[in-house]
Amino acid sequence: MLVNEKIAIEHGLKSDEYKKICKLLKRTPNITELGIFSAMWNEHCSYKSSRIHLKKLPTKGKKVIQGPGENAGVIDIEDSDAIVFKIESHNHPSFIEPYQGAATGVGGIMRDVFTMGARPIANLNSIHFGSPQNKKTKNLLRGVVHGIGGYGNCMGVPTVGGQTSFDSSYNGNILVNAMTLGLVKKNKIFYSKAAGLNKPVIYVGSKTGRDGIHGASMASASFDDKIEEKKPTVQVGDPFTEKLLLEACLELMAGDSIIAIQDMGAAGLTSSSIEMASKGNLGIEIDLSKVPCRESNMTPYEIMLSESQERMLIILENGKEDLAKKIFDKWNLDFAVIGKTTNTKNIELFFDQKQVAKIPVNTLVENSPMYDRKWKKSKLPKKIKHDRSKLKNLKIKETLKKILSSPNICSKEWIWEQYDHTVMGDTIQKPGGDSGVIRIHGTDKAVAATVDSSATYCWAHPLTGGKQVVCETWRNLISVGAKPIAITNCLNFGSPEKEENMGEFVECVQGIGEACKYLEYPVVSGNVSFYNQTKEIGIKPTPAIGGVGLIKDYKKMITMNFKGTGNQILVIGKTEGHIDQSLFARVILNEKNGPPPEVNLFNEKNNGETLLNLIDKNYVKSAHDVSLGGIITAISKMCIKGNKGVELKIPKFLINEIEYFFAEDQGRYIIEVSLEDLKNVTKILDKNSVHYDEIGKIIDKDLIINQKTKVTIDELKSYNTNWLKEYMN
Amino acid sequence: MKVSAVITLKKDVLDPQGKVIHETLDGMGFNSVNEVRQGKYFEIDVKENDPKKAKDLVESMCKKLLANLVIENYKIIETQ
Amino acid sequence: MKSSVITFPGSNCDRDMDVALSKFGFKNKMVWHNDQELPKSDLIVLPGGFSYGDYLRCGSMASKSKIMHSVINFAKSGGLVMGICNGFQILVESGLVPGVLLRNKYLQFICKNVHVKVDNEENSFFKNLDKKVLEFHIAHNEGNYFCTSDQLKEIEDNNQIAIYYCDKNGNTNDQTNPNGSIKNIAGIFNKEKNVLGMMPHPERMIDESLSGEDGSIFFKNLLNNIK
């Protein structure tokens, strides 16, 4: 088949990109070569629109063993242990086929983690759906949840946390972001950098079929009316084979046979082979006739671009082939020597004894396009003047009921009960808390992990929103007693070719960078997903941030359930009464405008570190960060979880209790301390200049406010737990 | 009138179940199997006596619900 | 006391079971499904997980694996065999205990704590147990126990029902039935009571930091009964 510009454009390449290819090769590419270029140069693999901005993120730190650029990031958790973790999107496939899309997303991220030698120990996910009223939402939610569970449960990896949001901006483009943490010994981490000449290149795992051909290109195309035509590219996940692949890889990794290993994810054999060669500054030669194929008559083009799941590419030490084959035979997986490393710095492909492609590796990687796209700066919206008298007339109980039962606040138990969250026997904090916490098997240590997003804040003001999401995950980790170490980010945005969407991206990234830098909380891995839009309408900018922290002694872990009657409740951090962009503003006032709450990084850090200090001194009985829905929402959840009541008195100097209870000012926590520790606690808070309010005490039952409002715990529970169950049944 | 429909995975779509069943059969001594593909079978009794109309009705059910056309094909196999 | 845990392709609670058995004093060995012979054991455990991906029917393909011939012989000669979750499904498929396990009534995977009532103490698994109601953990998609009415009568006549789903006070009713099992059945014996299949995972309840500690009670008692 002769290649021309028209065919190149059908492959998603731009006209000038095609011209650049011809110039680099000094000839017209053949169809296989064109397929390879289109896969490597699309947004998903090349990060061509995002690269120059991502460079600005802080990625180094004392605890960082590996930052972005590998299959996943790696952090030091002391002794000989390290945690490998990453988050990745699978948005477009999940909209087309929610079960398989979500399942293969979970499978893909777990492969990224065990490729580095780590056994996955926890999964999390951040999923965003359209408005509950949208007729597709229910089926998409059901399919995605079944898919995530179907894959993770079968793998035997606990799903310990996550986040689910609804917003009409996702009506035509849902988000499915999956995150995995793995545990590895520091001296047994595997990388994807090839090394040495004439080393055997090994293919292992499932056979190659025609699945997902051009999936990576699909991830970089927005949905339009022709969506139906894109359907045949969806891959089917096989968690059983992945479980075998995991065990086989870890068994081989226990020895010293592997030089480099890379999973075949987006753009399959193409990107895995090229990345390994590129990192090692080597060439690679592959005989495609030797690739195990599921279908007959597969062409080189199809073999190179197939996105069949559960496959790995390995570069072995010479002479280790038999040993490796024995392991993969034991686990009943395909194993084939398909090529070798060379010094040509080319990727050379053969099929039926004929050369079918020859491309210099650097043209695919270093010379791939990089764009400094035009972007538009957003202004901070003006504050809304709320009618105070109107606020005063609101009944707290009624308002609280509406907030607690709103889709974005309500309990997500219906979802996480479908995920096995206890397998592996080390889950010490289940979903539904501030972070999932998993013990490091056989030690006193535990890691905490959380994932969050705040699309509404990011939409109102991307710079502030970007900062806020990072801080939110930081607080989630502190609230369970973990010292935050690093983050992974999944940047879900609209089209980079539109100035507004690109601006949202640039400024969110800037905000993320500022917060990470200030909090010494670097980015170690991540993924960018652009073109999340339907027709011309982009989603709200949605960076999802996954944070990981360490608890040195797991017995000091904190949960959010109120513990003891008579204990005192403090609000850490100052409440100014910021209502704009709050859940309260949207749900109760139907007000969508105004700026998001300001993020003060000094207070954020100071409040968080002081709280960790209090936790370390065993003063804190329970803690929960204040976020969506404000103080009263946070307290209600602590009452529900602990099956205890509270008696609250709000400080007199505030004008309006509605503002006090529902405002979403940042940097705040609710903590429970015993009466006898109260003095010591306030002393430490004062010494560190941390603002706090003493707002009440724990009682046996009922939430009572200023001796006027009374809500029973059963009422709170029913407000909070019923909505999702009723919606789904 | 009863109409039957068979739903199978499309030709090029991976069938993990079929693959594992094949391997197990092989392990049990059934060595002459080339391939196993697993599907679903539906027997639907419709209030319709015209075979053509009954078939059309079930076909529409296959398209709209019974088959996931992203990965599956359907076949109306018989009426009685 | 010696125990053996069988690892099938796709088993994923094999390590958890090994940890639990070892913690309470068993000398445990892991056995690969493709092995022909069992090591000398006082107890064989078929662990939870997704053997063969739960494809076709849960447990169906694992029940045909090489090691199962030895497990069946071991059980027939009176040896103690316990199948947890997927292990229970394998026992059912291999015919060692009666009935079948269907998909959960609400067609969803369920992972949560439940209470179970111990019904029969004339056996090595539950004899001498201090508590009548235990808090265990379930995590399954196909735990809806079913059998024909003739079978049920036989099971009841032989006292083969091991545990029922119940509330913390031991009441069994529809509200305490998480998956639609007939008669709230959570676990069942063979006629001779040396083979136990149950959906709940005691191995996930062996530490106060985990979901609970009633698993510890179960394992300690089991070890004492076998001694």
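What follows is a run of questions on labels, each answered from a value and a criterion.

User: Before we start, what kind of model is this?

Analyst: It is a predicted model. Side-chain atom pairs count only at pLDDT 80 or more.

User: Why is the contact of C:D207 with A:R439 called a salt bridge?

Analyst: The N to O distance is 2.6 Å. The cut-off is 4 Å, between a side-chain nitrogen of Lys or Arg and a carboxyl oxygen of Asp or Glu. The pair is Asp with Arg, so the label holds. Across the interface of chain C and chain A, the rule finds three salt bridges. Polar contacts there come to eleven residue pairs, with both residues at pLDDT 80 or more.

User: Which elements of chain C supply the side that touches chain A?

Analyst: Those giving two or more residues are α1 (14-23), β6 (110-118) and β7 (133-140) of chain C. The largest share, four residues, comes from β6(C). By class, this side of chain C divides into 13 nonpolar, nine polar and five charged residues.

User: How do you know how big the interface is?

Analyst: The size of an interface is often given as the accessible area lost when the parts come together. For chain C and chain A that is about 2,300 Å², with 55% of it on carbon and sulfur atoms. In contacts, 27 residues of chain C meet 30 residues of chain A. The contact cut-off is heavy atoms within 4.5 Å.

User: What makes A:F37 and A:W41 an edge-to-face pair?

Analyst: Two values decide. The centres are 5.2 Å apart, and the limit for a pair is 6.5 Å. The planes make 85°, and over 60 counts as edge-to-face. Therefore both tests are passed. The two residues lie in helix α3 (residues 31-41) of chain A, four residues apart, about one turn of the helix.

User: Are A:F37 and A:W41 buried or exposed, and how do you know?

Analyst: A:F37 has a relative accessible area of 0%. A:W41 also has 0%.

User: Why is A:Q353 called exposed?

Analyst: Its relative accessible area is 77%. Exposed means over 50%, so A:Q353 qualifies. A:Q353 lies in the loop between β12 (346-351) and β13 (354-360) of chain A.

User: What is noted about the backbone of A:Q353 and A:Y47?

Analyst: Phi of A:Q353 is near 65°, a positive value in a residue other than glycine. Phi of A:Y47, also not glycine, is positive too, near 50°. A:Y47 sits in the loop between α4 (43-46) and α5 (51-54) of chain A.

Terms used
Residues numbered from 1 in each chain as written. Chains lettered and ligands numbered in written order. Predicted model: local features only at pLDDT ≥ 70, side-chain atom pairs only at ≥ 80, totals over all residues. Heavy atoms only, no water. Buried < 20%, exposed > 50% of the residue type's maximum accessible area, 1.4 Å probe, protein only. Buried area = accessible area lost by both parts, 1.4 Å probe. Polar contact = N/O pair within 3.5 Å; in protein donor to acceptor, adjacent residues only side chain to side chain. Nonpolar A, V, L, I, M, F, W, Y, C, P; charged D, E, K, R; others polar. Phe/Tyr/Trp six-rings, centres within 6.5 Å; stacked < 30°, edge-to-face > 60°.
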